[in-house]
Amino acid sequence: MTGWFSFLHGEATAGDVLALARVEQVLRDAGSAYDVVWSSGFRADGTHFADVDPAAYSRLVFVCGPVHGPQVEELHRRFAHCVRIAVGVSVVDPDSPAVTGFHRVLARDAAGSGPGLDLAARAPALPPVPVVGVVLTHGQHEYGGRRRHEEVAAVLTRWLAGRDCARLELETRLDAHDWRLCGTPAQLEAVLSRLDLVVTDRLHGLVLALRAGVPVLAADPVEGGAKVTAQARACGWPALVPAEHLTEASAEAPAEAPAEKLLERWWDWCLTDGREEAARIGAGFRAAHSVPDAVPDAADGLVAALRAASAAGAGR
């Protein structure tokens, strides 16, 4: 079985891969053996065209996507002895060699015929994965030689790339004109509140996630600890990784790095016991204005400071 997910210069979309899963389901139910060819750029450990002997096959199935172009035409030449079928595809030009080379085309949409349901719609149910917001900064130059932002971000993103999760890159910066960014704090909070976890090296990534009741895996990007560490302590939040633990592992293999094990431990905690703890902290933030013994912040002392400063000024 092939598709655009098989070509080195094609692309593997979620829809195409789900369409493949639907066809695999049908073939398994029918007791038919098959192999799937993957692009080496998408799945390095899969079966690639370079590994395939066309003579070993009697049938070729092309799954999903538009049927056009030299890559598809090459399939007809290379597998000329096979029965070739396209399933769930779009036919743009019915007279092109890419289309006419198939013995049968089970189209998703084509001129002169009604559209059929896309194969991805009836693909097998998928296992749930956590949705993770990623909030990173590459700034904060005020920390000078203690800055480890690039190294920390590199370790975090490399590690996240290997996690089975849906990653959503977020930015705390607001912009009323850039549609890609939130324009108000309420918009950002609406996104954060729908996440399962936030991974961040920013102070406000930590605070705003906890405010929304969402657990946070926080990293302090400043050697020796700075405001992220201080804020985690102020919030009573334990899932914090110091910069030193990440930068020391930056040149090591992920499976062997101590930082990976530490990140893994806090990841598991955040998605289990950390959920309840984050919800408790967030509820405490929201109720703080009506709780007499709430943890204070700097604003609690502002009125007294203003009065003291005014009295001191009047006494001069």
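A: In this predicted model, helix H6 (residues 203-211) packs against helix H10 (residues 273-287) at an angle of about 90°, and their axes are 7 Å apart. That angle makes H6 roughly perpendicular to H10. If you want to find the contact on screen, look on the H6 side for Val207, Leu210 and Arg211, which meet Ala278, Ile281, Gly282, Phe285 and Arg286 of H10. Sorted by type, the residues of this contact come out as 5 nonpolar, 1 polar and 2 charged.

Now for the strands. There's an open sheet of 5 strands, paired in parallel, and its order reads S6-S5-S7-S8-S9. Strands S6 (166-169) and S9 (240-241) are at the edges with a single partner strand each, so one side of each has no neighbour in the sheet. For S6, look at S5 (residues 131-135): the two run parallel and are joined by 4 bridges.

Finally, the cysteines. Searching the whole structure turns up 0 disulfides. Cysteine 165 is buried, because its relative accessible area of 9% is under 20%. Its closest cysteine sulfur belongs to cysteine 270, 13 Å away, which is too far for a bond. Cysteine 182 also counts as buried, at 16% relative accessibility. For cysteine 182, the closest cysteine sulfur is the one in cysteine 165, and at 20 Å that is too far for a bond as well.

Notes
Residues numbered from 1 in each chain as written. Predicted model: local features only at pLDDT ≥ 70, side-chain atom pairs only at ≥ 80, totals over all residues. Heavy atoms only, no water. Axes fitted to C-alpha atoms, helices over the stretch in contact; angles between N-to-C directions. Parallel < 35°, antiparallel > 145°, perpendicular 65-115°, else oblique. Contact = heavy atoms within 4.5 Å. Nonpolar A, V, L, I, M, F, W, Y, C, P; charged D, E, K, R; others polar. Pairing = 2+ DSSP bridges. Disulfide = S-S within 2.5 Å. Buried < 20%, exposed > 50% of the residue type's maximum accessible area, 1.4 Å probe, protein only.
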